[in-house]
Amino acid sequence: MTPRIKNLSERNSLLIVGIFYTVLVTVAFLSPATDLPGISVPYFDKLVHIIIHWILLLIWLWYTKLADQSHISNKIIVVVLMTCFLYGCSIEVLQLWFTTSRNFDVFDIVANGIGSVLGLISFRLLRNKEVK
């Protein structure tokens, strides 16, 4: 398989994964909280937010990298970072407006931001490892 076709195939696959993951996260965060299993670990929900946004940012940064011929500028990285962070903020607002069993929580937004920063750090480490 030529490198160009392989890159296109990987990019399309990652786009499907990114869309699926984003929709899955949206549905999960807007579903009634009563349907969720109760876990009595302190701050477990914040850890979930961190992990979800860590993965979300990694997927979309990697997709953007593949879509731009393996080059990604700092400006694009900031745009993807801000888009993922604003997505998390939007989910919190939607929980406030459209759900009865979910609440707006500023600490969820902080956890989303931490997850996004961890995703950015992971992306940079993976990209640097790939270059070497």
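This is a predicted model: local features need pLDDT of at least 70, side-chain atom pairs count only at pLDDT 80 or more; totals for chains, interfaces and linings use all residues.
## Overall fold

The protein chain has 4 helices and 0 strands, and its pattern along the sequence is α-α-α-α. Of its 132 residues, 36% are buried.

Among contacts in the protein chain with a separation of 6 or more, 82% are between residues 24 or more positions apart. The accessible surface is about 8500 Å², and carbon and sulfur atoms account for 72% of that surface.

## Packing of H2 and H3

Helix H2 covers residues 44-67 and helix H3 covers residues 74-98; the two pack at an angle of about 145°, and their axes are 10 Å apart. Their crossing is right-handed.

On the H2 side, the contact involves His49, His53, Leu56, Leu57, Trp60, Leu61 and Thr64. These meet Ile76, Ile77, Val80, Leu81, Cys84, Tyr87, Gly88 and Glu92 of H3. By class, the residues of this contact are 10 nonpolar, 4 polar and 1 charged.

## Aromatic pairs

The whole structure contains 3 aromatic pairs. One of them joins Trp60 and Tyr63 in an edge-to-face arrangement, with 5.8 Å centre to centre and 85° between the planes. Trp60 and Tyr63 lie about one helical turn apart, because they are 3 residues apart in helix H2. Trp60 has a relative accessibility of 19%, so Trp60 counts as buried, the cut-off being under 20%.

Trp97 and Phe98 form another edge-to-face pair, at 6.4 Å centre to centre and 85° between the planes. Trp97 is exposed at 61% relative accessibility, and Phe98 is also exposed, with a relative accessible area of 64%.

Terms used: Residues are numbered from 1 along each chain as its sequence is written. Side-chain values use heavy atoms; hydrogens and water are left out. Axes are lines fitted to C-alpha atoms, for helices over the stretch in contact, and angles run from 0 to 180 degrees between N-to-C directions. A crossing is left-handed if the near helix is turned anticlockwise from the far one by less than a right angle, and right-handed if clockwise. Contact means heavy atoms within 4.5 Å. Ala, Val, Leu, Ile, Met, Phe, Trp, Tyr, Cys and Pro count as nonpolar, Asp, Glu, Lys and Arg as charged, and the others, Gly among them, as polar. Buried means under 20% relative accessible area, exposed over 50%, partly exposed in between (1.4 Å probe, protein chains only). Accessible areas come from the Shrake-Rupley method with a 1.4 Å probe; for residues, only the protein chains shown count as cover. Rings of Phe, Tyr and Trp (its six-membered ring) pair if their centres lie within 6.5 Å; planes under 30 degrees apart count as stacked, over 60 as edge-to-face and the rest as tilted.
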